Amino acid sequence: MASLSCPDCGVRVQPEDLICFRCGANLPHASGSDDDLLTPTISQRFITPGEPLPTGRRRRISPVVMRITFPTGNVDIPAGTSVLLGRDPAESLVAAAFAHFDNVSRRHATILVDDAGHASIRDENSTNGTFVNDDRVLPGAEVRLVDGDRVRLAADVTGDVSLPEGEPDPSGLSRNGR
């Protein structure tokens, strides 16, 4: 199999990747006879209306996927990735979910989910603040998220966190099972 790289930053990417997970660049794809259409995301439905959806081979998605349910739609973040929440479609893949909320900053907050499924949120110096369970997140600081938390962007954009329990962290296990 040929090694592919991102045309913008040069990092190695997989043939089925739609975006570069290092720099966020859209990756070109050649359609093949065995490619399936992917389900459109919020950003694909609103950012490029009228254009056909990109195609790609389906791949196994991590069993640990964090979901934040906002009134305008769900934001899903697979383990090992991050998503910027904000109104700027050039910066955020989910900007369409916040397009009608002027009090949400263009670069409001970043959600990070590590490979083990541990999630956190970082305020990106937003104008009107980021809150977890009504506690303000300090700009630049990361706050751990768990299943059942409520995330609020500015005064009125609230989402519920759903984070399934992932595989146990091997560093926390011992041979005795304690």
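Two strands count as paired if DSSP finds at least two bridges between them. The views below show a predicted model.

**View 1. The open sheet of 6 strands.**
Its strand order is β6-β5-β14-β13-β10-β11, and the pairing is antiparallel. The edge positions belong to β6 (73-78) and β11 (135-136). Each of these has a single partner strand, so one side of each is left without a neighbour in the sheet. Inside the order, β5 (residues 65-70) meets β14 (residues 157-162) in the antiparallel sense, through 3 bridges. Arg67 stands opposite Ser162 of β14.

**View 2. Strand β8 and its two partners.**
Is strand β8 enclosed or open to the outside? Of its 5 residues (109-113), 4 are buried, so the strand is largely enclosed by the rest of the structure. Strand β7 (residues 81-85) pairs with β8 over 5 bridges, antiparallel. Strand β9 (residues 119-123) also runs antiparallel to β8, again with 5 bridges.

**View 3. The hairpin of β8 and β9.**
Between the two strands lie 5 residues. Which residue of this hairpin takes a positive phi? It is Gly117, with a value near 90°.

**View 4. Ile111 and the largest nonpolar core.**
This core holds 26 residues. Met66, Leu85, Phe98, Ile111 and Leu153 touch the most other members. Elements giving two or more residues to the core are β5, β6, β7, β8, β9, β13 and β14. Beyond four places in sequence, Ile111 touches Met66, Ile68, Ile77, Thr81, Ser82, Val83, Leu85, Ser120, Ile121 and Leu145. A second, separate core has 5 residues, among them Cys6, Val13, Cys20 and Ala25. As background, nonpolar side chains in soluble globular proteins tend to be buried together.

**View 5. Arg152 in strand β13.**
Arg152 sits in strand β13 (residues 150-153). Is Arg152 buried or exposed? Its relative accessible area is 18%. Buried means under 20%, so Arg152 is buried. A polar atom of the Arg152 side chain lies 3.0 Å from the backbone oxygen of Ala154. Leaving out residues up to four places away in sequence, Arg152 touches Gly129, Thr130, Phe131, Asp134, Val157 and Thr158.

**View 6. Confidence along the chain.**
The average pLDDT of the protein is 77. At least 70 is reached by 66% of the residues. Over residues 31-37 the pLDDT is below 50. That stretch has 12 contacts in the model beyond near neighbours in sequence. Residues 57-61 also have a pLDDT below 50. Here the model holds 9 contacts beyond near neighbours in sequence.

**View 7. The whole protein.**
The protein has 1 helix and 14 strands. It contains 178 residues, and buried residues make up 35% of them. Among contacts with a separation of 6 or more, 36% join residues 24 or more positions apart. The accessible surface comes to about 11,100 Å². Carbon and sulfur atoms account for 48% of that surface.

Technical notes: Residues are numbered from 1 along each chain as its sequence is written. This is a predicted model: local features need pLDDT of at least 70, side-chain atom pairs count only at pLDDT 80 or more; totals for chains, interfaces and linings use all residues. Side-chain values use heavy atoms; hydrogens and water are left out. Buried means under 20% relative accessible area, exposed over 50%, partly exposed in between (1.4 Å probe, protein chains only). A polar contact is a pair of N or O atoms within 3.5 Å; within protein, one must be able to donate a hydrogen and the other to accept it, and residues adjacent in sequence count only if both atoms are side-chain atoms. Contact means heavy atoms within 4.5 Å. A nonpolar core is a set of buried Ala, Val, Leu, Ile, Met, Phe, Trp, Tyr and Cys residues joined through side-chain atoms within 4.5 Å. pLDDT is the predictor's confidence in each residue, from 0 to 100. Accessible areas come from the Shrake-Rupley method with a 1.4 Å probe; for residues, only the protein chains shown count as cover.
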